[in-house]
Amino acid sequence: MLNRLLPFLFAALLAACGVAPVASPWMPDLGNGQYQNPVLHADYSDPDAIRVGDMYYLTSSSFNNAPGLPLLQSPDMVNWTLVGHALPQQVPLDVFASPRHGKGAWAPCLRYHDGKFWIFYPDPDFGVYVMTATAFAGPWSAPRLLLAGKGIIDPAPLWDDDGQAYLLHAWAKSRAGIANQLTLRRMAPDVSRMLDDAGKTVIDGNRLPNYTTLEGPKLYKHDGYYYVFAPAGGVEFGWQSVFRSRSIGGPYEDKIVMTQGRTPVNGPHQGAWVRSQAGADWFIHFQDKRAYGRVVHLQPMGWRDGWPVIGEDVDGKGTGQPVLQYRKPVAGQAAMAPATSDEFDGASLGLQWQWNANWKPEWYSLSARAGYLRLYGQPAGRNLWDASSLLLQKLPAESFTVTTRMDVSALGEGGNAGLIMYGSDYAWLGARREGGKTRLALVSCYKTEAACSEREEAGAELADPQVWLRMQVRPGGVTTFSYSRDERNYTIIGKPFTARMGRWVGAQMGLFATNGGHADIDYFHVTP
């Protein structure tokens, strides 16, 4: 009961205090009992979700960013709040002291068993780790390597009715040399160890017509069947399949249960089957939107002849297509979205922030100047692709505006600080200190993985060290930078820049300071 009331209590408290939250650039709750997809218009890639009592919980992959494994909860699967991260730092700590793009925490599996929350997550270079917590927001136990090996990805555990336990997983060809198949292994029920050395391939996509990139499995038991929900066909243009068998070891039948159909939702796949308090079934999955990352959709799910039907079954053949709008699973909950803006007036950074690698406390301060974030300039190379100390967050919508106020009076010689749109190409607007003078610069770097050199696209004199920086993002990730000297009149600088995804992640936005001195940031506002 308390979980149902929390959103209303929070909203009432804000109103009583005269505080109105900054409007979110994307709201899935339409306010009329309906929701629109995506329910999370941000890069919560490879989501897995469960329900415990009246609350829904979700985690996702985080790759090289720290903290990692974001923790979100919702009273209705539509209105989500970010409540923390399970992984404060990536392990091994020394490996992730610098950015390991495309590596780190891949697709996790979230479960509740034996009075605890469990996260099984794979690192494709080390194996499968497991973590537990008695409270979802943490603290979580330190990651423990349960199954060592290269290329072992997408783990899915199952505790069976007879007391046996299993772990199903996929393979990354880049590390293991094999892919497109799912392997089942026996696991100790207390998850202390694995009980076999090699496991058994129970589903082989190479033996199925037109199957490629079979991965991302989730394993369930229902009405005497073992069900494996697994995507195939590739991240951008794949589909969602389900496999079933009366025996966990197979053989498994297969059926494609959701495709793009006649919708704009490309590659709808990989996610979680969740049953609501009312007994209705739902499916949470992602859609790859390039620069915006893998955004999260919510689909109604029904059954026909023992097979799930996900989304809207237009032709009645049992293969659905994504819904763009639908009734909410749970009525009456307050509209909300994960935070994006930050006033920097608390004791800690907003939970939306992640660093580009394992972070160090000496990189920043929230107490050196009250009400400001102080970023200390860290060493950087020829570009920022491998800069660990970038402070980043996910893009929250197709169109939005970011505004920040920065004091650059204490930049060191050769120092830079600014507002960045970051990915395989990136651009930033900020201050440069050269020859004893500080000026404004718009800088870009294209093809970062090919060791590009930064190029100054445009510049301006900066007579006052207080400057307002802004970027406006429009569909396609087209980003226009501008600046102001008085917070009222903004001047566009340079040509629009098109955001580009990173390695397995969407583009990210954020703040940085490099090469000595420091910059003070008053706020970071994200608005429609």
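Me: Before we start, what does "contact" mean here?
Reply: A contact means heavy atoms within 4.5 Å.

Me: Good. What share of the contacts comes from residues 24 or more positions apart?
Reply: Counting contacts in the protein chain with a separation of 6 or more, residues 24 or more positions apart account for 57%.

Me: And how many helices and strands are there?
Reply: The protein chain has 2 helices and 37 strands.

Me: How much of it is buried?
Reply: Of the 528 residues, 59% count as buried. As for the surface, the protein chain exposes about 20300 Å², and carbon and sulfur atoms supply 52% of that.

Me: Switching topic: what about the charges?
Reply: There are 48 positive and 49 negative charges in the protein chain, and their mean positions are 3 Å apart.

Me: What is the mean pLDDT?
Reply: The mean for the protein chain is 95, and 96% of its residues reach 70 or more.

Me: Where is the pLDDT below 50?
Reply: That applies over residues 1-22. Beyond near neighbours in sequence, this stretch has 16 contacts in the model. Where pLDDT is low, the predicted coordinates should not be read in detail.

Me: Let's look at some single residues. Where does glycine 250 lie?
Reply: Glycine 250 is in the loop that runs between strand S16 (239-245) and strand S17 (253-258).

Me: Is that glycine 250 buried or exposed?
Reply: Glycine 250 counts as buried, because its relative accessibility is 18% and buried means under 20%. Its C-alpha atom is separated by 36 Å from that of histidine 85, which is 165 residues apart from glycine 250 along the chain.

Me: Which strand holds tyrosine 112?
Reply: Tyrosine 112 is found in strand S6, made up of residues 109-113. With 40% relative accessibility, tyrosine 112 counts as partly exposed.

Me: What is tyrosine 112 in contact with?
Reply: Leaving aside neighbours within four places in sequence, tyrosine 112 is in contact with Ile50, Val52, Phe117 and Trp118.

Me: And how far is tyrosine 112 from valine 314?
Reply: Their C-alpha atoms are separated by 35 Å, and the two residues are 202 residues apart along the chain.

Note on methods
Residues are numbered from 1 along each chain as its sequence is written. This is a predicted model: local features need pLDDT of at least 70, side-chain atom pairs count only at pLDDT 80 or more; totals for chains, interfaces and linings use all residues. Side-chain values use heavy atoms; hydrogens and water are left out. Helices (H or I, at least four residues) and strands (E, at least two) are DSSP runs, numbered from the N terminus. Buried means under 20% relative accessible area, exposed over 50%, partly exposed in between (1.4 Å probe, protein chains only). Accessible areas come from the Shrake-Rupley method with a 1.4 Å probe; for residues, only the protein chains shown count as cover. Lys and Arg count as positive and Asp and Glu as negative; His and the chain ends are not counted. The place of a charge is taken as NZ of Lys, CZ of Arg, CG of Asp or CD of Glu. pLDDT is the predictor's confidence in each residue, from 0 to 100.
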